[in-house]
Amino acid sequence: MASIGKRLWYLKKAIEIGTVTKRYPFEPTEPPEGSRGKPVIDFTKCIGCGACANVCTPQALRFIDLKEYKRLELFYGRCIFCGMCQEACPVDAIQLTKDFELATDDLNDLYVVIELKSVRCEICNKYFTTKRIILKINDEVRDVIEEIEYTKLCPECRRKESSTKLVGWRALG
Amino acid sequence: MSEGNKSYRIHVVDLSTCIGCETCQEVCSFINNDKAFIKVYKVHGGIPVPLNCRHCEKAACMEVCPTLAIYRDESGAVLINPARCIGCKLCIMACPFGIPEMDPVDKVVIKCDLCSLRRSNGLSPACSAMCPSAAILYGSPEEVLKLAQSRVAERIARAKVLGELELGLKSWLL
């Protein structure tokens, strides 16, 4: 007989609290604090270093060398929202958002492609890195090294040039 | 930073003594899994220059590294901590000598660490230990300077002797 009293107590409680569930797909919902959704790349900041593609565990981010361009390709279909790319990015161009609803009827919607212009080595004429990396290096190295002409050369040509210069300095004294 | 630090060591390549035998390159690739960090370049049509990381006093790679993975140890060598490296290759592009290289398997940057494992056991780097003509010197600045001075003095003395002989030799050995 006590169960009727208990049931009434439950009923009273339910009326007091009201509805707590949401009609989710039809009503927008705010994910809780700290939840991880799809990463978004700020293409104005990206320098095309490829660090994100190195750490991407499911290979959702791929870094492709197209000679004239360096292409960074992000496929959300493979992304597991681990946030490794955000951790690795040296210029904070990748930020995770809370957006986790990626369902679409077109596969192309899940691709993000960034293409960055490459620069040529002045001696061997090969494409070796993106223009943005060289600009960033020029900016940061200026405090340490006065002559920054060497940034126009690829690493292999820098080795040859510097070894030639080392011998030149020796011959002078 | 060299003053007052007793563990400070320098690595000097004596180009006039180097015979270009590439022993340093071979021994370096032997102890570093087939990856030579010291390479002998032939410039001006044959003068050998063994080129390795210069361990610069003002290192550009240290300056640009976004994760502070590149640091300087107590003996003055510039090392890379592979656990912190994200493989962004900024150091490769910042190095005036083009020294750091990408490890395609581990996706981290590797370079000459002056044989940190050998040094921790009290040995000198493999290139300087194996050089048959003692062209690669490693030691405290005072030691190396003394050796270099004695070599220069010897060379001047030989040149003087040759100059005094004036024999019109066709073949000279300095």
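**Entry 1: lining by class.** I sorted the lining of the largest pocket by residue class and found 19 nonpolar, five polar and six charged residues. I note here that the model is predicted.

**Entry 2: volume and centre.** I looked up the space in the largest pocket, which is about 620 Å³. The lining comprises 30 residues. I then asked which of these residues lie nearest the centre of the pocket. They are B:N32, B:F37, B:I110, B:K111 and B:D113.

**Entry 3: where the lining comes from.** I traced the lining of the largest pocket to the secondary structure of chain B. Helices α1 (23-31), α4 (116-120) and α5 (126-130) each supply at least two residues, as do strands β5 (78-80) and β7 (108-110). I also checked the domains of chain B: domain 1 (10-52 + 122-162) and domain 2 (55-111) each give at least three residues to this lining.

**Entry 4: the two chains.** I turned to the interface and found 30 residues of chain B in contact with 29 residues of chain A. The area buried between the two chains is about 2700 Å², and carbon and sulfur atoms give 67% of this area.

**Entry 5: salt bridge.** How many salt bridges are counted between chain B and chain A? I recorded one. The side chains of B:E101 and A:R159 meet in a salt bridge, with 3.5 Å from N to O.

Definitions and conventions:
Residues numbered from 1 in each chain as written. Chains lettered and ligands numbered in written order. Predicted model: local features only at pLDDT ≥ 70, side-chain atom pairs only at ≥ 80, totals over all residues. Heavy atoms only, no water. 1 Å grid on protein atoms, 1.4 Å probe; cavity = no way out; pocket = protein on both sides within 12 Å on 5 of 7 lines; lining within 4 Å. Points joined across faces, edges and corners; volume = space filled by probe spheres on them. Helix = DSSP H or I, 4+ residues; strand = E, 2+ residues; numbered from the N terminus. Nonpolar A, V, L, I, M, F, W, Y, C, P; charged D, E, K, R; others polar. Domains from an automatic or database assignment. Contact = heavy atoms within 4.5 Å. Buried area = accessible area lost by both parts, 1.4 Å probe. Salt bridge = Lys/Arg side-chain N within 4 Å of Asp/Glu carboxyl O.
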